[in-house]
Amino acid sequence: MERSSIRDRGISAARRIASPRVHAMVRRRSKLQETEPELPTQIAELTKRVNELESEVQENRQLNMRLAELITVVQELLLPIAQRDDKRLNELLARYAEKL
Amino acid sequence: MHDRPCAHDRPCGCDAATLRFRVPRQPCAPPPGTKERRTLSDSDASRARVDDRVLLVDGEGMRFVFTESCALDVLFDGRRVWSIAAAEQERGNDGYRHVSWPDPLRQRLDGLALIELRDHVSGDVVAAAEASFGSGSGRVEIVDGQGRPVALTKYGRLNHPFESTNKAAVEGYLDQVEDVLRILRDTCHLPAFISYGTLLGAVRTGKLIGHDVDVDLGYLSAYDNPVDVIRETFRVERVLRDQGWRVVRENGGFLALFFPQSDGTLRNLDVFSCFIVNGMLHQPHDVRTPADRSAVLPLRSIDLEGRQLPAPACPEVFLESAYGTGWQTPDPSFEYHTPRATKRRIHGWLGGQRARRDYWSKFYNLYGDRIPAEPSLFAQWVVTREPATRLVEVGCGNARDAIFFADNGFEVTGIDFVPAIVNRAGRAAESRDVSVDFQTVNLYSLKESLTVGAVIAHQPGRKIVYARFLLHTLTDVGRENFWRVTRMALSAGGRCYLEFRTRRDASLPKAFGPSFRRFLNPQTVIAEAVSQGAAVIYHEAGQDLAPFEDENPHVCRLVLEW
C-alpha cells in the first residue's frame, strides 16, 4: 500500500473519530487564520501602543512636581519681590493686560 | 597533623581555634550522642557540620544545605551582621545554596571569625563554621571607622542597627523623634504618626525592631491631589529647617532628617506624606491600598519602648499594604516587592529629583583620594583670560577649582547637589584658609534652580558661570535647568565657561570605568546656548586638554557670553 494513501486514510480516520468539539475548535482556528492573518502583528502593535500610552501617562504625572514647584516659587519668591515696587508692578500688569 | 578538616563537633581532641582544623593521627572519639557522618571533600573552605546541615565559607561567600523557608541571621562571632531569606538563595549544580558576600561585607573580611546561621524566629543556630579570610590573624570586625558595630541593611549598606546601639543613645534618638512629631502636629498642624518598620515593631512587640536603623514617621495630608501634597511638603520642609533640623529632600513626598547622636553616629529619621487620591491611600514608596481617612483618623496611641506615640487608627491597613499578609512574622531578610502600579504612580508624581545622587556620593567616597587637589588645566586657563570677579562654579565636586579661583581673588560660590560633597568641599576650603560660599543645589529641581538663578542674578556686577565636566553628567532635565540657572545668573552680563566630554570620547578609556555619561555633540550644546541668548566667543575640541592618570578624554571647551 502506498504511503500517501496510508497517511490519507489515517487523517480521514482521525477526522471521523474526533469529537464535535474538536471539530468546532479546528473550524474556529481556521476561520480566525483566514480573517486575522495578521494577529501576531496586531499584538506587537498593541504592545507598542500600551508602552507609548504608559510613557505619556508618566509624562503627565511628572507635571505635578513641576507645577508644585512653579506655584511655590511664584507664591513664595516672586510675588513678595514684585510687591516692593507698586509702580513697576502696575506697569507690568498694564502691559500684560494689553497683550491679552 | 593532617590538613583535612575535623569531621567531629567541637569540643574534641581537635584544635578548632587555630587557623585550620587539625585532625589527629588517630581518629578522636566523637562526643557522646554524635552521629557518624561522611566527610566532605572541599579543601579550600573552612567547614563544620551540625546536624546534617553543612556550611562552607570562604572569601567569596557561603554555601549551605538548608531547605526550610525562613529568615536566617548571619552572625560573626555571635553578632548579627546580615540576614538572608534561606529559600531564595540560588542553588548551584553542587546542591548547595550559594550566597556571595555583599561588597560592603567582603571589603572587611580579613582575619578569623565564627560564622553562624541562625533561624531568626526560633533563635536556633542551624549551621556554623570557623572561617579564615585573607591573611589577617585577628578577629574580623564589622564596624565603622570609629569601631562601632554595623550591620547590612536591606538596602545593601552598612548602618548602625538599634540592637547594637547603646540604650542611652536610643533614648536620645527617641527624644528627637518626639520633638519632630510635636513640630508636625503643633506647627505644621498635620496629624503625624509612626509608620513602616517603627509601626511594625510597635504593633508586634511594643519595641523598635532590632535590625532596624531608623524611625519612620508619616502624616496625613490635607490634600487629595499630588500638586498640593507636594507643596505641603515644601512647607513642612521649611518649618523643619527653621526649627534647626537638617533636612534632605528625597522626593515630593519624602523628607530625610539627619541628626548627630550621643554615640557619635549620624542617624536619620524619615518623614513621609500620606495622601488619598481617587479612593486609594498612598504613602511613598510602598503603600497603595483602597482606604479613606478613617484608616488614619482618629490617631490612636501606641506603646513604643515605654513611650506613648501616635499611630494610625488602623495600623493593619498600612502594614498589610507594605509588608503583605505575613507582616506579623519577623523577617529581617524582608525585601519590598512593591506592585508596579504603586511604583509608577509614586515615582511619576513625586520622583525624578535625585538622579545619580547616590552614585556621586559613592564616587567621592571611593575615589575622592584619587581626584587631584590641584586646579584643573581648564581653571588655570580661565584665570589667564578673566580678571577676578564674581564666579559661580556649578558642580564644584571636591572644590579644587573653586578654591583655586578664590586664591586668585575671585569671589566664588560653589554649587553641588550632594550635601556630603558640599560639606567636604567646605572643609577643604577652610583647611586652605580661603573663603568660598558653598551651597547645595539640585539641578533636577526646578524650584531650586529658579531660586539659585534669582539669587545670583540679584548679586551686583559682572559674573562668570564655570562648569567643568558637569554637562555630560546631567540628564536632559538637569541640562535644561543648568541653562535656566546660567541665563538668569548672567542676565546682567557675563561669561560661561564650559568643558565637557564629546561624542568622540565615548570609546576612549575611562579612569573610573563606565558610568552614566551623556557624550555631547558640541554643536548641540552651542545650539542650546544660542537659544538661551548666548553668543559663542570661543570653541575648541580635542584631546590633551584634560588628561588624568591613563585617561586622555576628548573634550570640548566653550566660552559663551551674555
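Q: In what order do the elements of chain A run from the N terminus on?
A: They run α-α-α-α. Chain A comes to four helices and zero strands. Helices are DSSP runs of H or I with at least four residues, strands are runs of E with at least two, and both are numbered from the N terminus.

Q: What kind of model is this?
A: This is a predicted model, where local features need pLDDT of at least 70, side-chain atom pairs count only at pLDDT 80 or more, and totals for chains, interfaces and linings use all residues; side-chain values use heavy atoms, without hydrogens and water. Residues are numbered from 1 along each chain as its sequence is written, while chains are lettered from A and ligands numbered from 1 in the order in which they are written.

Q: Why is L78(A) called partly exposed?
A: Its relative accessibility is 44%. Buried means under 20% relative accessible area, exposed means over 50%, and partly exposed lies in between (1.4 Å probe, protein chains only). The value of 44% therefore makes L78(A) partly exposed. L78(A) sits in helix α3 (residues 39-83) of chain A.

Q: What makes V74(A), L78(A) and L79(A) a nonpolar patch?
A: Patch residues have over 30% relative accessible area and no salt bridge; nonpolar side chains (Val, Leu, Ile, Met, Phe, Trp, Tyr) are joined within 5 Å, like charges within 9 Å. V74(A), L78(A) and L79(A) form such a patch on the surface. Together they have about 240 Å² of accessible area, by the Shrake-Rupley method with a 1.4 Å probe, where only the protein chains shown cover residues.

Q: How much of chain A is buried?
A: Buried residues make up 8% of its 100 residues. Chain A exposes about 9000 Å², with 57% of it from carbon and sulfur atoms.

Q: How do you know that chain B and chain A touch?
A: Contact means heavy atoms within 4.5 Å. The contact takes 23 residues from chain B and 18 residues from chain A. Between them the chains bury about 1900 Å². Buried area is the accessible area (1.4 Å probe) that two parts lose on being put together, summed over both.

Q: Why do R66(A) and E480(B) count as a salt bridge?
A: The rule asks for a side-chain nitrogen of Lys or Arg within 4 Å of a carboxyl oxygen of Asp or Glu. The N to O distance here is 3.3 Å, so the pair passes. Across the interface of chain B and chain A the rule finds two salt bridges. On the side of chain B that touches chain A, α4 (226-242), α6, α11 (446-458) and α12 (476-489) each supply at least two residues.

Q: Is R356(B) buried or partly exposed, and how do you know?
A: R356(B) has a relative accessible area of 22%, so it counts as partly exposed. R356(B) lies in the loop between α6 (340-350) and α7 (357-367) of chain B. Leaving aside neighbours within four places in sequence, R356(B) is in contact with F417(B), S515(B) and F516(B).

Q: What makes A399(B) count as buried?
A: A399(B) has a relative accessible area of 0%, so it is buried. A399(B) lies in the loop between β21 (390-394) and α9 (400-407) of chain B. Phi of A399(B) is near 70 degrees, a positive value in a residue other than glycine.

Q: What is omega at the cis peptide bond that joins P284(B) and H285(B)?
A: Omega is about -5 degrees there. H285(B) has its place in the loop between β17 (280-283) and β18 (287-290) of chain B. The peptide bond from L297(B) to P298(B) is also cis, with omega near 0 degrees.
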